[in-house]
Amino acid sequence: MNWNNAKFFTSFGKLSQMPEADRPEFAFSGRSNVGKSSLINKLLGRKALARVSSVPGKTVTINFYELENIYIADLPGYGYAKTAKDLKRSWSDLIGGYLASDRDIALVVQLIDMRHAPSADDLQMIDYLIENEMPFVIVFTKADKLKPNARRERMAAFADEIPSFEDITHIEFSAVTGEGVDELRSIIEEISAEEE
Ligand SMILES: Nc1nc2c(ncn2[C@@H]2O[C@H](COP(=O)(O)OP(=O)(O)O)[C@@H](O)[C@H]2O)c(=O)[nH]1
Ligand SMILES: [Mg+2]
């Protein structure tokens, strides 16, 4: 797979605007500021395909990037403390509707900040994925921000904090050092090959 060939495909804020489901989709999910845009840019070998910002966006949209025979779906970040109620509702309508659709969601990549215990929203998302038997992996982001000892402790803690952790494929990732990029690319390549 040529990872440098990704192009922005479309952006939609309403389920009625979802593009045709004509290929496998890899959906990226996580709370605001977890490092989702940075990860997508790193994965796709681009500096700013997905917008990196410390200010959470005000519009709730799903952004699709097209890469060879797959879509990369950038789901809106959740869990921002100041999120207004109606924004929260449009978030759950959009994400919930997308995940529950009959689209070919080949994999959900659930991002969690390695420095912190998973939030209630993270755990709700993981429960949803398990309950609905959706294929997913967890990516622990910002690995470069932890010293080795703290990192070991946090990884051990996740095993207690995340249900069925031993059965979930997880990747330790850093957009700064590039750690985990090859591993994540291999997983996506393997699944897209199976989908052919
Ligand atoms: N040190 C470090 N900072 C990161 C990493 N990934 C993202 N960040 C920073 O975290 C903040 C949020 O990143 P962003 O990609 O916009 O998060 P998003 O809201 O999930 O899309 C930005 O200041 C990024 O520079 C990482 O792997 N290491
Ligand atoms: Mg972002």
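1. Helix α5 (residues 181-195) lies across β2, β4, β5, β6 and β7, and runs at about 165 degrees to β5. Helices (H or I, at least four residues) and strands (E, at least two) are DSSP runs, numbered from the N terminus. Axes are lines fitted to C-alpha atoms, for helices over the stretch in contact, and angles run from 0 to 180 degrees between N-to-C directions.

2. The model is predicted: local features need pLDDT of at least 70, side-chain atom pairs count only at pLDDT 80 or more, and totals for chains, interfaces and linings use all residues. Residues are numbered from 1 along each chain as its sequence is written, while chains are lettered from A and ligands numbered from 1 in the order in which they are written.

3. The protein chain contains five helices and seven strands, in the sequence pattern β-β-α-β-β-α-β-α-β-α-β-α. Its radius of gyration, taken over C-alpha atoms, is 16 Å, close to the 16 Å that the globule rule gives for 196 residues, so the chain is as compact as a globular protein of that length. That rule is 2.2 Å times the number of residues to the power 0.38. Along the principal axes, the C-alpha atoms fill a box of roughly 45 × 40 × 35 Å.

4. The seven strands form an open sheet of mixed pairing, in the order β1-β3-β4-β2-β5-β6-β7. Two strands pair if DSSP finds at least two bridges between them. At the edges are β1 (7-12) and β7 (170-172), each of which pairs on one side only. From one strand to the next the twist averages 20 degrees.

5. Strand β4 (70-74) is mostly covered, with five of its five residues buried. A residue is buried if 20 or more other C-beta atoms lie within 10 Å of its own, exposed if 12 or fewer, and partly exposed in between, with C-beta atoms placed from the backbone. Ile70, Ile72 and Asp74 point one way from β4, and Tyr71 and Ala73 the other way. In a regular strand the side chains alternate between the two faces of the sheet.

6. The partners of β4 run in opposite senses. Four bridges join β4 to β2 in parallel, and phenylalanine 28 stands opposite aspartate 74 there. With β3 the pairing is antiparallel, over five bridges, and tyrosine 65 has isoleucine 72 as its bridge partner in β4. The hairpin of β3 and β4 has two residues between the strands, and glutamate 68 takes a positive phi near 45 degrees in this hairpin.

7. Valine 139 stands opposite isoleucine 171 in β7. Apart from neighbours within four places in sequence, valine 139 is in contact with Leu39, Val109, Leu111, Ile171, Phe173, Gly180 and Leu184. Contact means that the C-beta atoms of two residues, placed from the backbone, lie within 7 Å.

8. Which helix is mostly covered, and which lies largely in the open? Helix α1 is mostly covered, with six of its eight residues buried: Lys36, Ser37, Leu39, Ile40, Lys42 and Leu43. Their cover includes β2, β4, β5, β6 and α5. Of the 14 residues of α4, the number buried is zero, so α4 lies largely in the open.

9. Leucine 44 lies in the loop between α1 and β3 and is partly exposed, with 19 other C-beta atoms within 10 Å. Leaving out residues up to four places away in sequence, leucine 44 touches Trp3, Ala6, Leu49, Tyr65 and Leu67. Leucine 44 and tyrosine 65 are 21 residues apart in sequence and 9.5 Å apart in space, C-alpha to C-alpha.

10. The largest nonpolar core has 37 residues, of which Phe26, Ala27, Phe28, Ile72, Ala73, Val109 and Val139 touch the most other members. Such a core is a set of buried Ala, Val, Leu, Ile, Met, Phe, Trp, Tyr and Cys residues joined through C-beta atoms within 7 Å. At least two residues each come from β2, α1, β3 (62-67), β4, α2 (85-100), β5 and β6. Strand β5 gives the most, with six residues.
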